[in-house]
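This report describes a protein structure for a reader who is new to the subject. Please look at the sequence and the model before reading on.

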Amino acid sequence: MTTAPTSDLQALASAHLWGHFSKLTPEDVGGTTVIERGDGCYVWDTTGKRYLDGLAGLFVSQVGHGRRELAQAMAAQAEKLAYFPVWTYAHPTAVELATRLAAMAPGDLNRVFFTTGGGEAVETAWKLARQFHVLNGEPGRYKVISRNLAYHGTTLGALTITGLEAIKTTFGPMITDAGIKVPNTNSYRATDTSPEALLLPADAIEDAIVAAGPETVAAVFLEPVQNSGGCFTPPEGYFARVREICDRYGVLLVSDEVICAFGRLGDWFGASRLGYQPDMITMAKGLTSGYSPLGGVMISDRIADVPAHDEAFLHGITFGGHPVSCAVALANLDHGARRSPGRGEPTSRPSAPPSRTSETSRSSGMSAGWATSTASSW
Amino acid sequence: MGYFYGIELVKDPVTKATFDEAEADHLLRGVLTPKLIENGLLCRADDRGEPVIQLSPPLIAGPDEFAEIARIIRIALLEAMEAMGAMGAGAQP
(Lines give C-alpha, C1' and ligand atoms only; values in the text may rest on other atoms or scores of the structure.)
Protein backbone atom coordinates (compact mmCIF):
# COMPACT_ATOMS: atom_id res chain seq x y z
CA MET A 1 0.00 0.00 0.00
CA THR A 2 1.36 3.39 -0.95
CA THR A 3 0.97 6.09 1.66
CA ALA A 4 -0.91 9.20 0.54
CA PRO A 5 0.94 12.54 0.63
CA THR A 6 1.11 14.14 4.08
CA SER A 7 -1.18 17.06 3.23
CA ASP A 8 -3.84 14.64 1.95
CA LEU A 9 -3.59 12.53 5.11
CA GLN A 10 -3.92 15.63 7.28
CA ALA A 11 -6.97 16.77 5.31
CA LEU A 12 -8.55 13.32 5.56
CA ALA A 13 -7.78 13.14 9.27
CA SER A 14 -9.42 16.53 9.68
CA ALA A 15 -12.54 15.29 7.88
CA HIS A 16 -12.90 11.79 9.28
CA LEU A 17 -10.61 10.88 12.17
CA TRP A 18 -11.86 11.92 15.59
CA GLY A 19 -8.64 12.37 17.55
CA HIS A 20 -8.80 11.39 21.20
CA PHE A 21 -8.90 14.25 23.71
CA SER A 22 -8.95 16.69 20.76
CA LYS A 23 -11.10 19.47 19.45
CA LEU A 24 -12.33 19.12 15.89
CA THR A 25 -10.82 22.46 14.95
CA PRO A 26 -8.35 22.83 12.09
CA GLU A 27 -5.68 23.82 14.63
CA ASP A 28 -6.12 20.57 16.53
CA VAL A 29 -6.44 18.11 13.65
CA GLY A 30 -5.53 19.99 10.47
CA GLY A 31 -1.80 20.01 11.05
CA THR A 32 -1.65 16.73 12.92
CA THR A 33 1.71 15.01 12.82
CA VAL A 34 1.12 11.71 11.03
CA ILE A 35 3.47 9.07 12.41
CA GLU A 36 4.17 6.34 9.90
CA ARG A 37 6.84 3.99 11.19
CA GLY A 38 9.11 3.27 14.12
CA ASP A 39 12.43 1.64 14.91
CA GLY A 40 13.78 1.26 18.45
CA CYS A 41 13.43 4.56 20.33
CA TYR A 42 12.58 6.53 17.18
CA VAL A 43 9.52 7.15 15.00
CA TRP A 44 9.19 8.89 11.61
CA ASP A 45 6.34 11.00 10.25
CA THR A 46 5.08 10.95 6.68
CA THR A 47 7.44 13.75 5.65
CA GLY A 48 10.40 11.62 6.76
CA LYS A 49 11.15 13.66 9.88
CA ARG A 50 12.57 11.60 12.75
CA TYR A 51 11.52 11.94 16.42
CA LEU A 52 12.83 10.44 19.62
CA ASP A 53 9.82 8.80 21.26
CA GLY A 54 10.14 10.33 24.72
CA LEU A 55 6.78 9.06 25.95
CA ALA A 56 6.99 5.50 24.57
CA GLY A 57 3.92 6.31 22.47
CA LEU A 58 1.70 6.70 25.52
CA PHE A 59 3.75 4.93 28.24
CA VAL A 60 3.48 1.80 26.10
CA SER A 61 6.49 0.87 23.95
CA GLN A 62 8.76 -0.74 26.55
CA VAL A 63 10.95 -2.72 24.13
CA GLY A 64 10.83 -0.11 21.37
CA HIS A 65 9.33 0.01 17.92
CA GLY A 66 9.79 -2.25 14.93
CA ARG A 67 10.90 -5.48 16.65
CA ARG A 68 10.72 -8.23 14.09
CA GLU A 69 10.50 -11.08 16.60
CA LEU A 70 7.38 -9.55 18.11
CA ALA A 71 5.76 -9.05 14.70
CA GLN A 72 6.64 -12.63 13.81
CA ALA A 73 5.08 -13.97 17.01
CA MET A 74 1.87 -12.16 16.07
CA ALA A 75 1.90 -13.46 12.50
CA ALA A 76 2.48 -17.03 13.64
CA GLN A 77 -0.38 -16.85 16.14
CA ALA A 78 -2.75 -15.19 13.65
CA GLU A 79 -2.09 -18.01 11.22
CA LYS A 80 -2.64 -20.69 13.84
CA LEU A 81 -5.63 -19.23 15.69
CA ALA A 82 -6.44 -15.56 15.19
CA TYR A 83 -9.40 -15.44 17.52
CA PHE A 84 -11.25 -17.40 20.09
CA PRO A 85 -12.81 -16.10 23.31
CA VAL A 86 -11.77 -16.91 26.85
CA TRP A 87 -15.48 -17.16 27.54
CA THR A 88 -16.47 -20.86 27.76
CA TYR A 89 -13.15 -21.80 26.15
CA ALA A 90 -9.46 -21.27 26.77
CA HIS A 91 -6.61 -21.09 24.28
CA PRO A 92 -2.96 -22.00 24.85
CA THR A 93 -1.43 -18.52 24.67
CA ALA A 94 -3.86 -17.07 27.24
CA VAL A 95 -3.15 -19.99 29.58
CA GLU A 96 0.59 -19.64 29.15
CA LEU A 97 0.56 -15.88 29.64
CA ALA A 98 -1.68 -16.08 32.73
CA THR A 99 0.61 -18.70 34.24
CA ARG A 100 3.65 -16.59 33.54
CA LEU A 101 2.14 -13.40 34.96
CA ALA A 102 1.11 -15.28 38.11
CA ALA A 103 4.72 -16.32 38.61
CA MET A 104 5.96 -12.74 38.08
CA ALA A 105 3.41 -10.91 40.25
CA PRO A 106 4.08 -10.27 43.93
CA GLY A 107 2.56 -12.55 46.59
CA ASP A 108 -0.62 -14.48 45.90
CA LEU A 109 -1.82 -12.63 42.80
CA ASN A 110 -2.27 -15.93 41.02
CA ARG A 111 -5.18 -15.35 38.67
CA VAL A 112 -5.56 -13.09 35.65
CA PHE A 113 -8.72 -11.66 34.12
CA PHE A 114 -7.80 -10.36 30.67
CA THR A 115 -9.26 -7.22 29.10
CA THR A 116 -8.27 -5.24 26.02
CA GLY A 117 -6.88 -2.22 27.87
CA GLY A 118 -6.38 -0.29 31.09
CA GLY A 119 -9.78 1.37 31.45
CA GLU A 120 -11.51 -1.99 31.16
CA ALA A 121 -9.07 -3.41 33.70
CA VAL A 122 -10.09 -0.70 36.18
CA GLU A 123 -13.79 -1.35 35.50
CA THR A 124 -13.18 -5.07 36.02
CA ALA A 125 -11.33 -4.58 39.29
CA TRP A 126 -14.11 -2.38 40.69
CA LYS A 127 -16.82 -4.86 39.69
CA LEU A 128 -14.84 -7.75 41.12
CA ALA A 129 -14.29 -5.84 44.37
CA ARG A 130 -18.05 -5.29 44.63
CA GLN A 131 -18.77 -8.97 43.99
CA PHE A 132 -16.13 -10.00 46.54
CA HIS A 133 -17.88 -7.96 49.22
CA VAL A 134 -21.33 -9.21 48.20
CA LEU A 135 -20.15 -12.81 48.50
CA ASN A 136 -18.60 -11.97 51.86
CA GLY A 137 -21.97 -10.80 53.10
CA GLU A 138 -21.19 -7.08 52.82
CA PRO A 139 -23.28 -5.95 49.84
CA GLY A 140 -23.17 -2.32 51.00
CA ARG A 141 -19.52 -1.94 50.00
CA TYR A 142 -19.53 -0.26 46.59
CA LYS A 143 -17.59 3.01 46.96
CA VAL A 144 -14.04 3.60 45.75
CA ILE A 145 -11.35 5.93 46.99
CA SER A 146 -8.74 7.45 44.67
CA ARG A 147 -6.48 10.50 44.58
CA ASN A 148 -6.92 14.02 43.29
CA LEU A 149 -5.72 14.46 39.69
CA ALA A 150 -5.21 10.71 39.25
CA TYR A 151 -6.16 9.26 35.87
CA HIS A 152 -7.76 5.81 35.91
CA GLY A 153 -9.62 5.77 32.57
CA THR A 154 -12.47 7.42 30.69
CA THR A 155 -15.38 4.94 30.62
CA LEU A 156 -18.04 6.02 33.11
CA GLY A 157 -17.05 3.60 35.87
CA ALA A 158 -13.34 4.28 35.51
CA LEU A 159 -14.08 7.99 35.08
CA THR A 160 -15.84 7.95 38.46
CA ILE A 161 -12.53 6.77 39.91
CA THR A 162 -10.50 9.29 37.88
CA GLY A 163 -9.66 12.44 39.85
CA LEU A 164 -9.38 14.95 37.00
CA GLU A 165 -12.46 17.16 37.30
CA ALA A 166 -11.82 18.82 33.94
CA ILE A 167 -12.49 15.59 32.01
CA LYS A 168 -15.53 14.63 34.13
CA THR A 169 -17.85 17.62 34.39
CA THR A 170 -19.39 17.36 30.91
CA PHE A 171 -20.32 13.75 31.49
CA GLY A 172 -21.78 13.96 34.99
CA PRO A 173 -23.28 12.82 37.13
CA MET A 174 -20.75 10.09 37.72
CA ILE A 175 -21.74 6.88 39.48
CA THR A 176 -23.46 8.72 42.28
CA ASP A 177 -21.46 9.20 45.48
CA ALA A 178 -19.31 6.17 44.69
CA GLY A 179 -16.07 7.96 43.86
CA ILE A 180 -14.32 9.58 46.82
CA LYS A 181 -11.18 11.68 46.34
CA VAL A 182 -8.24 12.04 48.70
CA PRO A 183 -5.03 14.10 48.49
CA ASN A 184 -2.19 12.88 46.29
CA THR A 185 1.47 12.69 47.30
CA ASN A 186 2.76 15.86 45.67
CA SER A 187 5.66 16.35 48.07
CA TYR A 188 7.10 19.16 45.91
CA ARG A 189 4.14 21.29 47.00
CA ALA A 190 4.12 20.09 50.61
CA THR A 191 4.62 22.88 53.11
CA ASP A 192 5.78 20.48 55.84
CA THR A 193 8.23 17.89 54.55
CA SER A 194 8.83 15.99 57.78
CA PRO A 195 8.43 12.22 57.31
CA GLU A 196 5.26 12.17 59.40
CA ALA A 197 3.72 15.12 57.55
CA LEU A 198 4.45 13.52 54.20
CA LEU A 199 2.37 10.53 55.33
CA LEU A 200 -0.73 12.67 55.90
CA PRO A 201 -2.07 11.74 52.43
CA ALA A 202 -2.11 8.11 53.62
CA ASP A 203 -3.95 9.06 56.81
CA ALA A 204 -6.43 10.99 54.66
CA ILE A 205 -7.49 7.64 53.20
CA GLU A 206 -8.44 6.47 56.67
CA ASP A 207 -10.37 9.69 57.27
CA ALA A 208 -12.22 9.22 53.97
CA ILE A 209 -13.14 5.61 54.81
CA VAL A 210 -14.44 6.62 58.24
CA ALA A 211 -16.36 9.61 56.83
CA ALA A 212 -17.99 7.49 54.11
CA GLY A 213 -18.72 4.67 56.54
CA PRO A 214 -16.35 1.71 56.27
CA GLU A 215 -19.29 -0.61 55.55
CA THR A 216 -19.81 1.27 52.24
CA VAL A 217 -16.23 1.28 50.92
CA ALA A 218 -15.15 -1.43 48.48
CA ALA A 219 -11.63 -0.49 47.40
CA VAL A 220 -8.84 2.05 47.18
CA PHE A 221 -7.29 2.58 43.71
CA LEU A 222 -3.73 3.95 43.66
CA GLU A 223 -0.96 4.10 41.07
CA PRO A 224 2.50 3.22 42.46
CA VAL A 225 3.73 6.53 41.01
CA GLN A 226 0.86 8.84 40.09
CA ASN A 227 1.11 9.86 36.46
CA SER A 228 -1.25 12.78 36.18
CA GLY A 229 0.02 15.92 37.89
CA GLY A 230 3.65 15.03 37.17
CA CYS A 231 4.91 11.64 38.37
CA PHE A 232 4.15 11.87 42.11
CA THR A 233 6.31 9.33 43.95
CA PRO A 234 5.06 8.05 47.30
CA PRO A 235 6.89 9.15 50.44
CA GLU A 236 8.71 6.50 52.45
CA GLY A 237 6.19 4.33 54.30
CA TYR A 238 3.13 5.51 52.33
CA PHE A 239 2.02 2.17 50.94
CA ALA A 240 2.77 0.30 54.18
CA ARG A 241 0.42 2.65 55.97
CA VAL A 242 -2.25 2.43 53.25
CA ARG A 243 -2.06 -1.38 53.40
CA GLU A 244 -2.53 -1.24 57.17
CA ILE A 245 -5.54 1.10 56.83
CA CYS A 246 -7.17 -1.06 54.14
CA ASP A 247 -6.76 -4.16 56.32
CA ARG A 248 -8.16 -2.41 59.37
CA TYR A 249 -11.38 -1.46 57.55
CA GLY A 250 -11.79 -4.48 55.25
CA VAL A 251 -11.15 -2.42 52.11
CA LEU A 252 -9.35 -3.87 49.07
CA LEU A 253 -6.17 -2.22 47.75
CA VAL A 254 -5.95 -2.05 43.96
CA SER A 255 -2.60 -1.07 42.47
CA ASP A 256 -3.31 0.58 39.12
CA GLU A 257 -0.18 -0.31 37.19
CA VAL A 258 -1.39 0.39 33.67
CA ILE A 259 1.66 2.64 33.36
CA CYS A 260 3.93 1.47 36.19
CA ALA A 261 4.36 -2.26 35.38
CA PHE A 262 6.61 -4.20 33.00
CA GLY A 263 9.84 -2.39 33.72
CA ARG A 264 8.62 1.21 33.77
CA LEU A 265 9.74 1.64 37.40
CA GLY A 266 12.61 -0.86 37.21
CA ASP A 267 10.74 -4.05 38.11
CA TRP A 268 8.03 -6.21 36.58
CA PHE A 269 5.43 -4.60 38.80
CA GLY A 270 5.40 -1.23 40.56
CA ALA A 271 4.20 -2.86 43.80
CA SER A 272 7.29 -5.09 43.75
CA ARG A 273 9.52 -2.08 43.14
CA LEU A 274 8.00 -0.21 46.08
CA GLY A 275 7.56 -3.26 48.31
CA TYR A 276 3.81 -3.52 48.97
CA GLN A 277 1.23 -6.22 48.47
CA PRO A 278 -1.99 -5.19 46.71
CA ASP A 279 -5.15 -7.32 46.45
CA MET A 280 -5.38 -6.65 42.72
CA ILE A 281 -3.14 -5.13 40.05
CA THR A 282 -4.58 -3.55 36.92
CA MET A 283 -2.29 -3.61 33.88
CA ALA A 284 -2.19 -2.93 30.12
CA LYS A 285 0.13 -0.76 27.97
CA GLY A 286 3.63 -2.24 28.44
CA LEU A 287 2.30 -5.80 28.68
CA THR A 288 2.55 -6.05 24.90
CA SER A 289 4.71 -2.95 24.32
CA GLY A 290 1.69 -1.84 22.27
CA TYR A 291 2.16 -4.34 19.47
CA SER A 292 -1.44 -5.37 20.08
CA PRO A 293 -3.99 -4.22 22.69
CA LEU A 294 -4.16 -6.19 25.92
CA GLY A 295 -4.96 -5.43 29.53
CA GLY A 296 -5.90 -7.37 32.60
CA VAL A 297 -6.32 -7.66 36.34
CA MET A 298 -4.09 -9.78 38.59
CA ILE A 299 -6.24 -11.14 41.41
CA SER A 300 -5.23 -12.45 44.83
CA ASP A 301 -6.12 -15.91 46.11
CA ARG A 302 -7.95 -14.19 48.95
CA ILE A 303 -10.42 -12.71 46.46
CA ALA A 304 -10.54 -15.66 44.09
CA ASP A 305 -10.97 -18.27 46.80
CA VAL A 306 -13.92 -16.77 48.62
CA PRO A 307 -15.87 -19.98 49.22
CA ALA A 308 -18.95 -18.66 47.48
CA HIS A 309 -16.88 -18.10 44.36
CA ASP A 310 -18.44 -21.05 42.67
CA GLU A 311 -20.74 -18.19 41.72
CA ALA A 312 -19.77 -16.88 38.25
CA PHE A 313 -18.24 -13.43 37.78
CA LEU A 314 -20.79 -12.19 35.25
CA HIS A 315 -18.45 -9.96 33.31
CA GLY A 316 -16.63 -10.40 30.01
CA ILE A 317 -15.08 -8.72 27.01
CA THR A 318 -15.06 -10.18 23.49
CA PHE A 319 -11.43 -9.38 22.76
CA GLY A 320 -10.08 -9.81 26.30
CA GLY A 321 -7.15 -12.23 26.19
CA HIS A 322 -7.02 -12.10 22.37
CA PRO A 323 -4.72 -14.90 21.13
CA VAL A 324 -2.55 -12.62 19.00
CA SER A 325 -2.18 -10.13 21.89
CA CYS A 326 -1.29 -12.91 24.32
CA ALA A 327 1.28 -14.32 21.90
CA VAL A 328 2.98 -10.97 21.47
CA ALA A 329 2.84 -10.33 25.24
CA LEU A 330 4.80 -13.55 25.75
CA ALA A 331 7.38 -12.49 23.16
CA ASN A 332 7.55 -9.05 24.79
CA LEU A 333 8.12 -10.55 28.25
CA ASP A 334 10.77 -12.87 26.77
CA HIS A 335 12.59 -9.81 25.51
CA GLY A 336 12.32 -8.07 28.87
CA ALA A 337 13.51 -11.17 30.75
CA ARG A 338 16.58 -11.46 28.51
CA ARG A 339 17.55 -7.87 29.27
CA SER A 340 16.73 -7.70 32.98
CA PRO A 341 19.12 -9.19 35.50
CA GLY A 342 17.19 -11.66 37.66
CA ARG A 343 13.63 -12.00 36.49
CA GLY A 344 11.15 -10.71 39.03
CA GLU A 345 13.92 -9.49 41.32
CA PRO A 346 14.04 -5.79 42.10
CA THR A 347 16.98 -4.43 40.14
CA SER A 348 17.67 -1.48 42.40
CA ARG A 349 15.83 -0.16 45.41
CA PRO A 350 16.94 3.16 46.79
CA SER A 351 16.27 3.70 50.49
CA ALA A 352 13.94 6.56 49.66
CA PRO A 353 12.15 7.67 46.50
CA PRO A 354 13.76 10.66 44.77
CA SER A 355 12.50 13.87 46.27
CA ARG A 356 10.79 16.56 44.25
CA THR A 357 12.83 19.63 44.94
CA SER A 358 13.35 22.71 42.85
CA GLU A 359 13.41 22.58 39.10
CA THR A 360 17.14 23.19 39.00
CA SER A 361 18.13 20.53 41.44
CA ARG A 362 15.60 18.17 39.97
CA SER A 363 17.34 18.49 36.64
CA SER A 364 20.53 17.14 38.07
CA GLY A 365 18.60 14.61 40.15
CA MET A 366 17.01 13.42 36.98
CA SER A 367 20.37 12.79 35.35
CA ALA A 368 21.41 10.72 38.33
CA GLY A 369 18.12 8.87 38.10
CA TRP A 370 18.69 8.20 34.44
CA ALA A 371 22.14 6.82 35.07
CA THR A 372 20.80 4.46 37.73
CA SER A 373 17.89 3.48 35.58
CA THR A 374 20.01 2.90 32.54
CA ALA A 375 22.00 0.33 34.44
CA SER A 376 18.82 -1.52 35.31
CA SER A 377 17.01 -1.07 32.01
CA TRP A 378 15.62 -3.85 29.86
CA MET B 1 11.60 6.83 39.28
CA GLY B 2 12.77 4.22 36.79
CA TYR B 3 11.98 5.48 33.28
CA PHE B 4 9.12 7.70 34.40
CA TYR B 5 9.80 11.40 35.02
CA GLY B 6 8.00 14.70 35.34
CA ILE B 7 9.70 18.08 35.20
CA GLU B 8 7.48 20.70 36.81
CA LEU B 9 7.82 24.21 35.45
CA VAL B 10 7.70 27.10 37.89
CA LYS B 11 8.34 30.82 37.61
CA ASP B 12 10.82 30.75 40.45
CA PRO B 13 12.54 27.71 41.95
CA VAL B 14 12.71 29.29 45.38
CA THR B 15 9.14 30.50 45.76
CA LYS B 16 7.83 27.75 43.44
CA ALA B 17 5.48 30.39 42.01
CA THR B 18 3.08 28.82 39.54
CA PHE B 19 1.97 29.98 36.11
CA ASP B 20 -1.69 30.93 35.78
CA GLU B 21 -3.92 29.05 33.35
CA ALA B 22 -3.32 31.35 30.37
CA GLU B 23 0.43 31.44 30.98
CA ALA B 24 0.62 27.67 31.33
CA ASP B 25 -1.37 27.21 28.15
CA HIS B 26 0.92 29.55 26.23
CA LEU B 27 4.04 28.03 27.78
CA LEU B 28 3.10 24.43 27.00
CA ARG B 29 1.12 24.65 23.77
CA GLY B 30 2.40 27.92 22.36
CA VAL B 31 6.12 27.53 23.02
CA LEU B 32 7.37 24.23 24.44
CA THR B 33 5.46 21.66 22.42
CA PRO B 34 6.20 23.20 19.00
CA LYS B 35 9.86 23.64 19.98
CA LEU B 36 10.20 20.05 21.21
CA ILE B 37 8.56 18.68 18.07
CA GLU B 38 10.63 20.93 15.81
CA ASN B 39 13.79 19.56 17.42
CA GLY B 40 12.61 15.99 17.18
CA LEU B 41 11.38 14.99 20.62
CA LEU B 42 7.92 13.63 21.32
CA CYS B 43 6.93 13.87 24.97
CA ARG B 44 4.01 15.22 26.95
CA ALA B 45 3.61 18.82 28.00
CA ASP B 46 0.76 18.55 30.46
CA ASP B 47 -1.12 20.98 32.65
CA ARG B 48 -3.81 18.82 34.20
CA GLY B 49 -2.02 19.73 37.41
CA GLU B 50 0.78 22.29 37.41
CA PRO B 51 2.57 22.50 34.04
CA VAL B 52 4.96 19.58 33.57
CA ILE B 53 7.03 17.96 30.87
CA GLN B 54 6.60 14.21 31.16
CA LEU B 55 9.13 11.66 30.00
CA SER B 56 8.65 7.93 29.71
CA PRO B 57 10.93 6.68 26.94
CA PRO B 58 11.20 3.08 25.74
CA LEU B 59 13.16 0.97 28.25
CA ILE B 60 15.82 0.32 25.63
CA ALA B 61 16.84 3.99 25.70
CA GLY B 62 20.46 4.39 26.76
CA PRO B 63 22.89 7.23 27.50
CA ASP B 64 22.84 8.51 23.89
CA GLU B 65 19.07 8.83 23.82
CA PHE B 66 19.00 10.50 27.24
CA ALA B 67 21.66 12.98 26.13
CA GLU B 68 19.52 13.80 23.11
CA ILE B 69 16.40 14.22 25.27
CA ALA B 70 18.28 16.54 27.64
CA ARG B 71 19.71 18.57 24.75
CA ILE B 72 16.32 19.11 23.11
CA ILE B 73 14.55 19.95 26.36
CA ARG B 74 17.29 22.44 27.24
CA ILE B 75 16.82 24.22 23.89
CA ALA B 76 13.06 24.32 24.40
CA LEU B 77 13.30 25.59 27.98
CA LEU B 78 15.73 28.34 26.99
CA GLU B 79 13.33 29.40 24.27
CA ALA B 80 10.44 29.24 26.73
CA MET B 81 12.26 31.43 29.25
CA GLU B 82 12.78 34.02 26.58
CA ALA B 83 9.19 33.81 25.41
CA MET B 84 7.83 34.11 28.92
CA GLY B 85 9.76 37.32 29.35
CA ALA B 86 12.50 35.70 31.39
CA MET B 87 10.01 35.66 34.23
CA GLY B 88 11.13 32.24 35.38
CA ALA B 89 14.49 31.46 36.80
CA GLY B 90 12.71 28.17 37.39
CA ALA B 91 13.62 26.87 33.98
CA GLN B 92 17.37 27.07 34.34
CA PRO B 93 18.79 24.32 32.15
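In which loop of chain A is the place of A:Tyr188? A:Tyr188 is found in the loop between strand E6 (179-182) and helix H8 (195-198) of chain A. Helices (H or I, at least four residues) and strands (E, at least two) are DSSP runs, numbered from the N terminus. A:Tyr188 is buried, with a relative accessible area of 0%; buried means under 20% relative accessible area, with a 1.4 Å probe and protein chains only. The C-alpha atoms of A:Tyr188 and A:Phe232 lie 8.7 Å apart in space, while the two residues are 44 apart in sequence.

The model is predicted, so that local features need pLDDT of at least 70 and side-chain atom pairs count only at pLDDT 80 or more, whereas totals for chains, interfaces and linings use all residues. Residues are numbered from 1 along each chain as its sequence is written, chains are lettered from A and ligands numbered from 1 in the order in which they are written, and side-chain values use heavy atoms, with hydrogens and water left out.

**Chain A as a whole**

Chain A contains 14 helices and ten strands. Of its 378 residues, 54% count as buried.

Four strands form an open sheet with mixed pairing, in the order E1(A)-E2(A)-E3(A)-E2(B). Its edge strands, each pairing on one side only, are strand E1 (35-39) of chain A and strand E2 (41-42) of chain B. Two strands pair if DSSP finds at least two bridges between them. Strands of a sheet pair through backbone hydrogen bonds, either parallel or antiparallel. Two antiparallel pairs are set out below.

| Strand | Partner | Bridges | Opposite residues |
|---|---|---|---|
| E2 (residues 42-45) of chain A | E3 (residues 50-53) of chain A | Three | A:Val43 and A:Tyr51 |
| E1 (residues 5-8) of chain B | E4 (residues 52-55) of chain B | Four | B:Gly6 and B:Gln54 |

In a regular strand the side chains alternate between the two faces of the sheet. Both faces of E1 of chain B are covered: B:Tyr5 and B:Ile7 are buried on one side, and B:Gly6 and B:Glu8 are buried on the other.

**A pocket**

The second largest pocket holds about 620 Å³ of space. Its lining comprises 26 residues, and A:Val86, A:Val112, A:Phe113, A:Phe114 and A:Phe313 lie nearest its centre. A pocket is an open set of points on a 1 Å grid over the protein atoms alone, where a 1.4 Å probe fits, with protein on both sides within 12 Å along at least five of seven lines; lining residues have an atom within 4 Å of a point. The volume is the space filled by probe spheres set on the points, which are joined across faces, edges and corners.

Notes:
Buried means under 20% relative accessible area, exposed over 50%, partly exposed in between (1.4 Å probe, protein chains only).
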